[in-house]
Amino acid sequence: MGRGIAISGFAGSSGNTIQGNYIGTDAAGNADLGNSFGGIDISQSANNSIGGSAATLGCAPGNLISGNNGDGINIFGTGSTETS
Amino acid sequence: MRGNLIGTNAAGTADLGNTSQGIYLNASSNQIGGNTAALRNIISGNDGGGVNIGGGSNNTVQGNYISTNLAGTAAIRNPDGVRIDTGANNNQVGGGATGEGNLISGNDVSVHIAGGNNNTVQGNLIGTGADGASDVGNLEAGVYVHEPKAAGNTIGGTGAGEGNNIRFNGDGILIPTLAGEGGVVVYFGATGNRILRNSITENTGLGIDLGLFGADGVTPNDPLDIDSGFANNFQNYPVLVTANNAGGTTTITGNT
């Protein structure tokens, strides 16, 4: 495995929503099955949403992002604005 | 980024950390967390910083639990809670309004400003549990500000709720110093950094320590405060001379 989720604006991608995922763990969220790089990687892409208002943190729309062999979330580039 | 668990198990009780930062930003105008519990992220157990702003501006980090468990009662350590590096300017960690402060406890250092300018750190709990009273202290200092390029940062503020509550730090010194680790340590040429209206208690070292290369205890005052080029230009500390209470008004006099 490589990155968990990669979003690159060089492909014209923006306005993505990432919700309700376990990224880097087993289905129970208790064991490290981490990706070999980061969990979520956003480059030159704006207006993305990672998670949301979650009654139970880490459950949908929130994410569990653990055990990855890099950054949990990496946001890079002058075009990578307004991710919330 | 809201409502996520980053670096823990699904219950938010154990370290399942990512091997680098929890969140790394080299970008501008992004929001991590918010002012309600449902918008909070738990960012704990990562092997790098919980949040590392390596560059960029106008990012906000608010209402999160960083380096604690879901309940905000015990440490799940990141080495640095929030780290801000050279090139990361005008970012906001916490805030004065209800819910904007972060809980940043159980790290080596809660807020580590290593070169950024004009960042604000306000209304946070640093070294306590979510109750603001229990001990979830950092191994080293509550706040570090260092490097000559770290200028114009503000720790606390003059408005309601803008002061940070900084307690129980320096419990386990990784790098022993003569003085013990303080609440806020400014060193290695960082200048013009304001430290305003914080509550800083029960730390091993000084509440505010202006040092050469780290926490090194009291820096003697010099006549006319002409020393410069050091941390906050080695601003003289106030010497209180008298305190009188008359008619319900307390008057304190002193000099620097």
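## A walk through chains A and B

Select chain A: you will find 0 helices and 7 strands there. Both are DSSP runs numbered from the N terminus, helices being H or I with at least four residues and strands E with at least two. What you see is a predicted model, where local features need pLDDT of at least 70, side-chain atom pairs count only at pLDDT 80 or more, and totals for chains, interfaces and linings use all residues. Residues are numbered from 1 along each chain as its sequence is written, chains are lettered from A and ligands numbered from 1 in the order in which they are written, and side-chain values use heavy atoms, leaving out hydrogens and water.

**Stop 1: chain A as a whole.** Now colour by accessibility. Of the 84 residues of chain A, 49% count as buried, meaning under 20% relative accessible area, while exposed is over 50% and partly exposed lies in between (1.4 Å probe, protein chains only).

**Stop 2: where the chains meet.** Show chain B as well. The contact (heavy atoms within 4.5 Å) takes 35 residues from chain A and 32 residues from chain B. Select Leu57(A), Ile73(A) and Ile75(A): in chain A these lose the most area to chain B, together 23% of what that side buries. The two chains bury about 2500 Å² between them, where buried area is the accessible area (1.4 Å probe) lost on putting two parts together, summed over both.

On the side of chain A that touches chain B, β6 (64-65) and β7 (73-76) each give two or more residues. The largest share, 4 residues, comes from β7(A).

**Stop 3: some backbone details.** Most residues other than glycine have a negative phi, and most peptide bonds are trans. Zoom to Ala60(A) and Pro61(A), where the peptide bond is cis, with omega near 5°. Pro61(A) sits in the loop between β5 (49-50) and β6 of chain A.

Over in chain B, pick Ser67(B), which has a positive phi of about 75° although it is not a glycine. Is Ser67(B) buried or exposed? At 0% relative accessibility, Ser67(B) counts as buried.
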